[in-house]
Amino acid sequence: LTPVYPITAGLTQTTLGKWISWALEQASLEETLPEKVYRKLGLPSFADSLQSVHSPPPNVDQRALENRETPAWKRLAFDELLAQQLSMRQHYARRHKLLAPPMQTSKTLVNALLQGLPFSLTKAQQRVIQEIGNDLAQPHPMQRLLQGDVGSGKTIVATMAALQAIENGWQVAIMAPTEILAEQHFTKMQAWLAPMNIQVVWLSGSQGSKSRKSSLDAVANGEAKLVVGTHALIQEQVQFAHLGLAIVDEQHRFGVHQRLSLRQKGVEASGDAKLEPHQLMMSATPIPRTLSMSYYADLDVSAIDELPPGRTPVATRLVSEERREEVLMRVREACKQGSQAYWVCPLIEESESLQLKTAQETFALMQRTFPDLLVGLVHGRLKPAEKQAVMEAFSRNEIQLLVATTVIEVGVDVPNASLMVIEHAERMGLSQLHQLRGRVGRGSAKSSCILLYQAPLNETAKARLKIIYESNDGFEIAQADLAIRGPGEYLGVRQSGVPMLKIADLERDAKLLPMARDAADWLLEADPVAVERHLQRWLGHAEELVKV
């Protein structure tokens with residue numbers, strides 16, 4: 001059997017084959033792992049595996065070879081997954097050696113908030129509040145990821161964590177990726193905390209200089225106990241008096257260094273030691289199990305896996321562009337019956353190549369089509385004050401139909417809106433479609449989401465629309481999204497800072513993951529020398545990245 005390598009102009013298979021054979025003879029292929037580790041799993045040695053992958057024996061199972069399922073391929077995939085686990089576990093252990101302010105469980109403030117809430121917490125919310133509370137009471141920094149589907153109630157959980165820090169004399173920062181989402185958090189939290197005389201301040205790039213100065217002063221002198229904002233929180237002039245807890249919402253939207261910058265705002269000296277703030281990351285895009293076992297293995301993960309009572313599942317309809325008139329009739333009907341609707345368009349300005357309906361055009365068209373309805377427009381280029389004014393008018397039911405770009409993807413909560421139309425749904429990603437759909441179904445009325453698509457559809461678009469049509473479960477959708485896009489695009493390599501897997505494949509090699517995790521636990525305990533050897537071979541300089 002002759003290996004076939006990817007080649008380029010001027011390089012032949014023969015030449016490349018010769019050089020690879022030479023490299024294999026020269027390379028040091030000594031074993032990094034104790035024999036009992038790989039033999040127990042029925043895997044060959046590293047040297048045999050590498051030789052077999054490049055020069056397979058003639059009797060090898062051809063299908064298994066092409067699908068990378070031979071014992072040799074499995075050994076290489078196992079080694080790579082093991083290196084990833086070792087690196088993450090080391091990082092986890094290093095963090096547990098750092099010091100953070102222990103925060104005793106909040107009694108007074110949390111109870112006061114619970115008594116004032118017009119709703120009861122779900123069992124899942126109560127469970128994650130306890131997990132976070134236990135972490136905050138430890139003398140080492142919490143690094144927990146809170147994931148919960150759209151509308152599962154993460155904001156109240158984050159507020160409970162904030163109260164525990166505030167009751168112990170510390171400040172809390174909440175950073176969100178968009179002004180709409182940050183403002184939504186600010187409005188909710190201020191309403192909950194103002195009756196307790198807790199000062200909540202707002203920081204964003206678009207703030208007026210007077211308001212900004214007043215916020216910065218309150219943060220620096222410690223009067224502001226809770227600071228909510230966008231990327232503006234990590235600017236140099238923002239100085240905290242005592243930051244004890246940093247909360248990052250939609251954490252995958254921020255780069256590694258941005259998340260790190262927020263944490264560094266809270267490092268302070270305590271005697272001879274340095275105290276690090278605790279960190280809570282939140283995501284409404286549930287993380288598939290294989291990802292949380294691999295790329296998120298250095299985090300503790302909490303999941304809110306139930307929706308608050310009274311939420312009605314959203315009915316999803318797939319409708320071809322040709323039936324647009326019927327959809328318009330449906331919108332008029334819903335608004336006339338006292339409900340509200342969203343009409344989502346993907347682009348603001350005309351792009352001839354994509355021929356997408358733009359927000360401005362759609363807005364003008366809707367005004368002509370529905371002269372008897374109040375139509376609003378919101379998009380990313382609007383000034384924050386204008387955006388806020390439109391959203392507030394929509395919340396108060398002064399606007400019946402809101403034409404919007406995907407800026408409304410996260411954080412918008414208008415219970416009376418029960419219909420959403422998404423144009424060119426075939427061009428959007430799965431998690432984006434699921435997030436957008438989550439803006440309806442937030443009240444008790446039966447809600448619908450109409451996905452308008454333009455035929456013909458390519459295979460990927462068909463697969464995506466089929467999944468979103470068949471499922472309302474964020475975890476199921478996330479798993480399917482991972483299968484379609486692969487982990488690199490799903491995580492956003494820049495965002496995660498974790499080196500991508502080159503040989504192992506999370507779907508194909510899912511069975512090897514728990515084995516790699518168990519082997520990592522044993523090696524860290526029993527053979528630190530093998531751990532270092534193995535990491536050096538597989539990760540080398542990439543180790544530095546993992547630390548952040």
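Q: Taking buried to mean under 20% relative accessible area, exposed over 50% and partly exposed in between (1.4 Å probe, protein chains only), what share of the chain is buried?
A: Of its 548 residues, 53% count as buried. This is a predicted model, in which local features need pLDDT of at least 70 and side-chain atom pairs count only at pLDDT 80 or more, while totals for chains, interfaces and linings use all residues. Residues are numbered from 1 along each chain as its sequence is written, and side-chain values use heavy atoms, with hydrogens and water left out.

Q: How many helices and strands are there?
A: The chain has 22 helices and 15 strands; these are DSSP runs numbered from the N terminus, with helices being H or I of at least four residues and strands E of at least two.

Q: Turning to helix packing, at what angle do helix 5 and helix 20 pack?
A: Helix 5 (residues 71–97) and helix 20 (residues 512–526) pack at about 55°, and their axes are 8 Å apart. Axes are lines fitted to C-alpha atoms, for helices over the stretch in contact, and angles run from 0 to 180 degrees between N-to-C directions. The two helices are therefore oblique to each other; under 35 degrees would be roughly parallel, over 145 roughly antiparallel and 65 to 115 roughly perpendicular, with the rest oblique.

Q: How does helix 20 sit against helix 21?
A: The axes of helix 20 and helix 21 (residues 528–538) come within 6 Å and cross at roughly 120°, which makes this pair oblique as well. Leu 523, Leu 524 and Ala 526 of helix 20 make the contact with Pro 528, Ala 530 and Val 531 of helix 21. The contact of helix 20 with helix 21 has six nonpolar residues, no polar ones and no charged ones.

Q: New topic, backbone geometry: where is the cis peptide bond at Pro 456?
A: The cis bond runs from Ala 455 to Pro 456, with omega near -5°. Pro 456 is located in the loop between strand 15 (448–453) and helix 17 (459–470).

Q: What is the phi of Arg 68, and of Asn 397?
A: Arg 68 has a positive phi of about 60° although it is not a glycine, and Asn 397, also not a glycine, has a positive phi of about 65°. Arg 68 is in the loop between helix 4 (62–66) and helix 5, whereas Asn 397 is in the loop between helix 15 (384–395) and strand 13 (401–404). Arg 68 is partly exposed, with a relative accessible area of 32%; Asn 397 is also partly exposed, at 32%.

Q: Ser 49, then: buried or exposed?
A: Ser 49, in helix 3 (residues 46–54), counts as buried at 0% relative accessibility. Leaving aside residues up to four places away in sequence, Ser 49 touches Pro 44, Ala 72, Arg 75 and Leu 76.

Q: And Met 329: buried or exposed?
A: Met 329, in helix 13 (residues 324–336), is exposed, with a relative accessible area of 60%. Its C-alpha atom is separated by 58 Å from that of Val 4, 325 residues apart along the chain.

Q: Lastly, what does Glu 268 touch?
A: Beyond residues up to four places away in sequence, Glu 268 touches several residues, among them Trp 170, His 242, Leu 243 and Lys 274. Glu 268 lies in strand 6 (residues 268–270) and is partly exposed at 22% relative accessibility. Glu 268 and Leu 243 are 25 residues apart in sequence and 8.7 Å apart in space, C-alpha to C-alpha.

Terms used
Contact = heavy atoms within 4.5 Å. Nonpolar A, V, L, I, M, F, W, Y, C, P; charged D, E, K, R; others polar.
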